[in-house]
Amino acid sequence: MSHTGFIVDTSRCVACKACVVACQLANPGQDHAVWRTVTSMNGLRYPGLSLVSLSVACNHCEDAPCAENCPARAYRRDPATGVMMHTEEHCIGCRYCTWVCPYDAPKFNSASGVISKCTGCQPRQAEGMKPACVEGCPTGALAWGDVGGIDAEVPGLPRTAIRPGLKVIPGRKNGQPRMAVRITPAIEAYFQDVGVVEPKKVSLNEEWTLVAFTMLAALQVAWFYAVFTERAEMSVLGFGLSALTGLMLSVMHLGRKGRAWRAILNFRRSWVSREVAGYGLFLLSAGVWMVLPWGSTPGWIALLAGFFTLWSMDMVYLRIAWQGRSFLHSAGIFSFMVFMYIGFFCGIPWLFYGVTGLRLLLYLLRAPVWRHGNRDSLRGLVIFRIGVGFILPLLLTLIDGGAWLDGIILLLFLAGDLIDRSEFYMEIEIMSPGKGTPSGWGTLSG
Amino acid sequence: MPLFRTACPRNCYSSCSFLARTDNGRLTGIEPDPENRATAGGPCLKGLSYIERQYANDRLIYPMARNRRGGFDRITWEEALGEIAGRLTEVRERHGPHAIFFYESSGMAGLTNGVGSNFWKMFGGATTTYGNLCWPAGLEAVRLTLGDNRHNAPWDLENSRLILLWGKNPAETNIHQVVFIEKAMAKGTKVVVVDPRRTPTGDFAHLLLQPKPGTDAALALGIANHLIRNDLYDKAFVERHVNGFDRFRDSVAEWNLEKAAAVCDIPLALVEELAGDIAGIFPMTLIPGYGMQRFSNGGQTIRALLTLSILTGNIGKPGATFHYANLQSFIFDKIKEPLSYYPGIEPNPLFRRTVSKARLGEGMLAATAPPLKFMWTERGNPVAQNPDSTLTIRAMQQLDFRVTVDQFLTDTARASDIVLPAKSMFEQDDITGSYWHPYVLFRPKLLTPPGEVYNETRIYRELAGFLGYSTDEIDRHLPPADDEGMRSHLQRMAGEVIPAGTELFGGLPLIPDGSEEVAYASLHFPTPSGKVELCSEAAAALWKVDSAPSYTPLTTSPEQGEFHLLTPNTKNRIHSQFGNLSLIRQFDPEPHATLAAADAIALGVRPGDRIRLHNDQGSLETKAEVDFSLRQGCVVYCNGYQNLEGGSPNRLTTGLETDMGYGTAFHDTIVKVTKL
């Protein structure tokens, strides 16, 4: 099936950026979030690699992951033009669409707290005009028309099966100019050192609330399991306080907190909606079970909802591409964390030692993988995570020390998990234009 | 929302025609104008950003006076013009009119600019400038060789089979040329770029040669003699149309490809490939940029390049041209460039005293009898743009009073006592040409100036009133400042030159009668011999250079640990213009210097580190970037940064004239680089 979209002729694009400026002028309000980006692969101009520039905004994909995954149903396709439209008034500013879009089309506007993105200049097109970027391209490298569907693998663009409305006409001249700059082993090494700087879309600084929230949810479900199976004592006050904390943490992340209720609207398709709805149901039914004499049914519902929430959490991250993408991550919430704490809270040695051992093994296998590049400074954290977050508490469990020691062991495990989970967020490598291409390909400044 | 046709007046090859959309008197859109065949794709990012520039918060819309704290306060026109008139009268009485220094530059092209000269003549004269910052060495080289400066129409590039871009980066400085190059490439044309950098233009070339800066003439002469010795040149063309071949042949006898490769420090194989292309592919368009002739050997270098087009008969045919500057649309100039840059070319004795633009600070300080006391600057930013900023500032500080007319508080405006707000390109009728395409362009007044902006015509007329000139005298010397008066004035001026001028070309881009699509197609050349002057006695007489094109090493050469400073133009600016706009700054947020990877390793510099560029002239602290394809031994710091945003490259340059044409040898600059 063919559909309309942008056609980019890379033979004609010299990264002049007129398209970006034209877009900004025709669609004001992009001061903090520019819709169109010209990505130049090989911005450091490594000899032997050609420089290819791609002007990309939204490709209005057939199987658009933004719409699929948006919890608030802020995206809808315009039936007349096929353009994927985003309604800012519906957006809660969770930014998940920026994680799932491989073309970086949705842009988070920190000023307004919501996403905005390319509209294909629908208003202009309705008046018979071309999209502003197309009209503004002085070399004719951009067009809007029948794209047929992406025809080949495009260097610099992630391979996807989401059928983007983008046609890239490859450059007719294959390769870089013949030239004579010599590459010595020292330059090659320097390139490996400075050339692999890829901007991260997910930053721990911005997402620490998610680290805290996901870990808290795992603890809450594990603790509730222990209480429900009568292996731990109930504390309504403690649970209530943790519930409030969890709700606060989950909302803090949003650009528009007042619209948080919209987060469950896309339960049918979005794992984010499922996570949010599941968590709400868990808190509600667990609370009901604790304070109301309605028998065990609310408790069972709470358990199911709790596990479903944690499963959804892992699925949210499985939906995006990250290095070593696997359900079996040592910091996985449903896959490991919750069962370790269930084993701990309930005193089930085989479960506790089994899961903890497996997590330690996975961590050891994984740790060297992400320690590449300039992250030597984090080596200390790895050692801390293994020594203080695994070995020490494991040894302490061998001592019979009573409740205060159990408290220390729990804190040590939590400290280790905090590192592990933070690393998980740091490892997330989301598909972006320019990624997955030979090293050193990145955005050209200027 | 109505659309109006207009044209960009910036100092740029493209000189785009474009359509301006307005809504209730406000500029709302800028769109391509298909009527101009050369720029039909529409303006570049700078042209589009006029919407921001027109309404920018930092635009000056009132007269401003510097206060004691160094800031600027709004004053009235009466206060401004009263103060200026008082100062002018006092200086003229005590020191004579030549203590007034009138500095104008290329900030905005147009016929209305002539009002400045007319005013200062009425005033009794002033010290002015000679020379030019940009292109005169090359203009003079081409003039001496071909008689004047013409080249084939931009779209003729499609007919070329070999396009040799020598020190030109149209992808950033002439984006519309890329369209024609790309069309030629689609037909199989080979593109070769010669540039120490791998520019966005080099990226789409087939072959990139990266000579040592300032050695381009050696490359050309090596290939030239290779063509001669191996009988690879167009004998028929040379015999019939070229003067001085024998003398040239003898003068280049010592040159060959090996020597060229050694002097330029390029692998021989690449030089051989280029020589083979030049000998074997016809027609060739050779497109030299303007950067390469801003060396102390710039004129002779362009003459050396010309020999390649001449020997291969690549002149006066479709697809075959020496594509330096096309002044065919400069139909209103009484004296054409580069002659207009000669000191003393202005016949009016009131302008007898001139100061070199290339050695501005030195010339201003050296002026005695009378010394300079008052400076009036318009359409220019000499503090940032002329060599040796430090000396320029010192020379300005020696004056008693400084006035600058500008749209923004530039480095020069900040060094002034009174700054008068300048009109934008949308605020007065005007007419421009282009030095690339053949069109004459009308630029109508579309917008009412904001605040209290006066066009320069009105500024001068009102100032004349403050100086006590009668309305009769003013009318006799200066054109009318009102819209209708200016329009009929332009109609009269243009009509005197071409009939279509009386209707201002119907508002359309106009190719004047007699403009050649293929320049010199008749193979008659307006030189002393009527032929191509491969050797030029005039060159030897005027400039004390070899009558044959020759290679002269630069005045300075980097020693161990020193670098050639390259200060190219980027797509983001026209010299120091546009850098203040957020639409532009997003791509170029802070000045930076680019090092070759090998040099960065040697200096222990990583991208983002702070470095200092320094030499005897001055120093600059800036951010380091790394380019793995830049020629080793070069450091790139782009032209156009002002001191107010981190430092003009001209803190590092020396006031030096080119070998011919009174140009400016910015690029003989050597710097050291220190990691901070």
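**View 1. Strand β8 of chain B and its two parallel partners.** Strand β8 (residues 162-166) of chain B runs parallel to strand β9 (residues 190-194) of chain B, and 5 bridges join them. Another 5 bridges join β8(B) to strand β12 (residues 284-288) of chain B, again in parallel. Here, strands (E, at least two residues) and helices (H or I, at least four) are DSSP runs, numbered from the N terminus, and two strands pair if DSSP finds at least two bridges between them. To find your way around, look for Ile163(B) opposite Val191(B) in β9(B), and for Leu165(B) opposite Ile287(B) in β12(B). This is a predicted model, in which local features need pLDDT of at least 70 and side-chain atom pairs count only at pLDDT 80 or more, while totals for chains, interfaces and linings use all residues. Residues are numbered from 1 along each chain as its sequence is written, chains are lettered from A and ligands numbered from 1 in the order in which they are written, and side-chain values use heavy atoms, with hydrogens and water left out.

**View 2. The two faces of β8(B).** In a regular strand, side chains alternate between the two faces of the sheet. Leu162(B), Leu164(B) and Trp166(B) point one way from β8(B), Ile163(B) and Leu165(B) point the other way, and all are buried. Buried means under 20% relative accessible area, exposed over 50%, and partly exposed in between (1.4 Å probe, protein chains only).

**View 3. Helix α14 of chain B.** The 14 residues of helix α14 (residues 298-311) of chain B should span 20 Å at 1.5 Å a residue, and the end C-alpha atoms are 20 Å apart, which agrees; the expected span is 1.5 Å times one less than the number of residues. Of its 14 residues, 14 are buried.

**View 4. The largest cavity.** This cavity holds about 770 Å³ of space. Of the 50 residues that line it, the closest to its centre are Gly167(B), Thr173(B), Gly291(B), Pro568(B) and Asn569(B). On a 1 Å grid over the protein atoms alone, a cavity is a set of points where a 1.4 Å probe fits but cannot get out, and lining residues have an atom within 4 Å of a point. Grid points are joined across faces, edges and corners, and a volume is the space filled by probe spheres set on the points.

How values were computed:
1 Å grid on protein atoms, 1.4 Å probe; cavity = no way out; pocket = protein on both sides within 12 Å on 5 of 7 lines; lining within 4 Å.
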